[in-house]
Amino acid sequence: MLTEKRQEEILNLLEQKGSVTVQELKEEFQASESTIRRDLNVLHKKGALVKVFGGAVQAETRLNMKEEEVSLRMDQNREEKIKIARYAASLIEPEDFIYLDAGTTTGYMIPYITQRSASFVTNAVSHALQLAENGFRVTLIGGELKAATEAIVGNEAYVNLKKYHFTKSFLGTNGVNLVSGYTTPDINEAMIKECAMEHSQKPYILCDSTKFHKTGPVSFGEMHKAKIITNEQPDETYASFGNILVVKE
């Protein structure tokens, strides 16, 4: 295949999938790794895509840095978020020690939590208040309060969090991408999310279907690091990971 044609096909694949890996492209075009990397370099310099470790993402995904306030996000995809949250809450078992991440979808879990013997750690002030009002044992980690997301972040929060070992964690994300994994716009929030994920026996990402194929500036975990709870199965390229739980009801 001619170089220009192959590069055009690479961009077509990105259009369909949002991201591609070097390995994928090698198999697709029966080309060497050096050839594929050379193509990606050329397309990156043209601004046609964004090179990332192990592959590439669409150029526009690099600009997915918008972070709206919690009050504005509450009603976005509300029904899907509640469906995901209700299922996530059903996974909590007696005596579980849970990390509940800041975010709207994780917040929607709280009314559906029924296991009274479970205890919680969270970095969300609103989540801590709701859990306490509902009679749960809850610890709010200390640190810097980020107004936009109502989350506790920063070094102090990280130091507090890494002392814990959770049976399960439920985490939000701004984007899920095959190459970049789970991403968020803020490095301080990414640090907290990554710490919670690494300190959990069973980490879960709560993610409505609009988050797939999106990439934020900062990664906090690779695709295989957690199970994803979502409302709709993304395309078949994600299915190979075997970690996606689709909520039907």
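Predicted model: local features only at pLDDT ≥ 70, side-chain atom pairs only at ≥ 80, totals over all residues.
Colleague: What makes the overall size of the protein chain agree with a compact globule?

Modeller: A compact globule of 249 residues would have a radius of gyration near 18 Å, and the protein chain has 19 Å, so the two agree. The C-alpha atoms fill a box of roughly 65 × 35 × 30 Å along the principal axes.

Colleague: How many helices and strands does the protein chain have?

Modeller: The protein chain has ten helices and 15 strands. Of its 249 residues, 49% count as buried. Among contacts between residues at least 6 apart in sequence, 60% join residues at least 24 apart.

Colleague: What is known of the surface and the charges?

Modeller: The accessible surface comes to about 12,300 Å², and 48% of that belongs to carbon and sulfur atoms. The chain has 29 positive and 34 negative charges, and their mean positions are 3 Å apart.

Colleague: How many aromatic pairs are there in the whole structure?

Modeller: A search finds seven. One of them is formed by Y99 and F166.

Colleague: Why is the pair of Y99 and F166 called tilted?

Modeller: The ring centres are 5.6 Å apart, and the limit for a pair is 6.5 Å, so the two rings count as paired. The planes stand at 50 degrees. Stacked would need under 30 degrees and edge-to-face over 60, so the pair is tilted.

Colleague: What makes this a link between distant parts of the chain?

Modeller: Y99 is in strand β4 (residues 97-100) and F166 is in strand β9 (residues 166-172), 67 residues apart. Ring pairs also link F97, Y99, Y164 and F166 into a cluster.

Colleague: Are Y99 and F166 buried or exposed, and how do you know?

Modeller: Buried means under 20% relative accessible area. Y99 has 0%, so Y99 is buried. F166 has 1%, so F166 is buried as well.

Colleague: Why does S119 count as buried?

Modeller: S119 has a relative accessibility of 15%, which is under the 20% limit, so S119 counts as buried. S119 is found in strand β5 (residues 119-122). Leaving aside neighbours within four places in sequence, S119 is in contact with D96, F97, I98 and R137.

Colleague: Where is A89, and why is A89 called buried?

Modeller: A89 is found in helix α5. Its relative accessible area is 5%, under the 20% limit, so A89 is buried. Not counting residues up to four places away in sequence, A89 touches M109, Y112 and I113.

Colleague: What makes the phi of Q30 worth a remark?

Modeller: Most residues other than glycine have a negative phi. Phi of Q30 is near 50 degrees, a positive value in a residue other than glycine. Q30 lies in the loop between α2 (22-29) and α3 (33-46).

Colleague: How do you know whether Q30 and E95 are buried or exposed?

Modeller: Exposed means over 50% relative accessible area. Q30 has 69%, so Q30 is exposed. E95 has 60%, so E95 is exposed too.

Terms used. Residues numbered from 1 in each chain as written. Heavy atoms only, no water. Helix = DSSP H or I, 4+ residues; strand = E, 2+ residues; numbered from the N terminus. Rg over C-alpha atoms; globule rule 2.2 N^0.38 Å. Buried < 20%, exposed > 50% of the residue type's maximum accessible area, 1.4 Å probe, protein only. Contact = heavy atoms within 4.5 Å. Areas by Shrake-Rupley, 256 points an atom, 1.4 Å probe, with all protein chains shown as cover. Lys, Arg positive; Asp, Glu negative; His and termini not counted. Charge placed at Lys NZ, Arg CZ, Asp CG, Glu CD. Phe/Tyr/Trp six-rings, centres within 6.5 Å; stacked < 30°, edge-to-face > 60°.
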